[in-house]
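Q: Could you walk me through a few spots in this model before I set anything up?

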Amino acid sequence: MTSNTIPAHPAAKPAASTRRVFINDLVLECLIGVHRHEIDGSQRVRINLDLTVLESSNPIDDRLSNVLCYEDLILKVRQLSMSGHVNLVETLAENLADLCLRETAVLSVKVRVEKLDVFADAASVGIEINRPG
């Protein structure tokens, strides 16, 4: 007797469970820009981060140590954003993506950086990037 069962393809494993960790509308003073007035003074930027995080096979057990702590992440973002002058929002966005991807469980990140006070007739200008881990 022959079996009619078709073996599963090795790549057909169930997808890993993930969660999204996000930081919305974090407004910081940054030294950013290429124009003289931007080099001489700080300006407001709004940062949004959306991280896809691999869930551990271990239970959360209502313990902060078992999840990605967004408070720690915000502290790191503040430190990076205030660590010195950068010319471009693209550079700040890439630096923020790199920071997020250094977290071991982070699979991917979307970073949005907006300068808030550039044009009187626009709420913001900026960049959004997506980076895989």
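Predicted model: local features only at pLDDT ≥ 70, side-chain atom pairs only at ≥ 80, totals over all residues.

Q: Okay, where does Lys115 lie?
A: Lys115 lies in strand 3, which covers residues 106-115.

Q: And is Lys115 buried or exposed?
A: Its relative accessibility is 11%, and because buried means under 20%, Lys115 counts as buried.

Q: Which side chain does Lys115 join in a polar contact?
A: The partner is Glu38, with a polar contact of 2.7 Å between the two side chains. Once neighbours within four places in sequence are left aside, Lys115 is also in contact with a set of residues that includes Ile32, Gly33, Gln43, Arg44, Val89 and Ser124.

Q: Switching topic, where is Gly41?
A: Gly41 lies in the loop that runs between helix 1 (36-40) and strand 2 (43-54), and at 22% relative accessibility it counts as partly exposed.

Q: What about the largest nonpolar core, which residues touch the most other members?
A: That core has 29 residues, and those touching the most other members are Leu49, Leu51, Val77, Leu92, Leu96, Val111 and Val113. Two or more residues each come from strand 1 (18-30), strand 2, helix 2 (70-81), helix 3 (89-101) and strand 3, with helix 3 giving the largest share, 7 residues.

Q: And what does Leu96 touch?
A: Not counting residues up to four places away in sequence, Leu96 touches Ile47, Val77, Leu80, Ser81, Val111 and Val113.

Methods: Residues numbered from 1 in each chain as written. Heavy atoms only, no water. Helix = DSSP H or I, 4+ residues; strand = E, 2+ residues; numbered from the N terminus. Buried < 20%, exposed > 50% of the residue type's maximum accessible area, 1.4 Å probe, protein only. Polar contact = N/O pair within 3.5 Å; in protein donor to acceptor, adjacent residues only side chain to side chain. Contact = heavy atoms within 4.5 Å. Core = buried A, V, L, I, M, F, W, Y, C linked by side-chain atoms within 4.5 Å.
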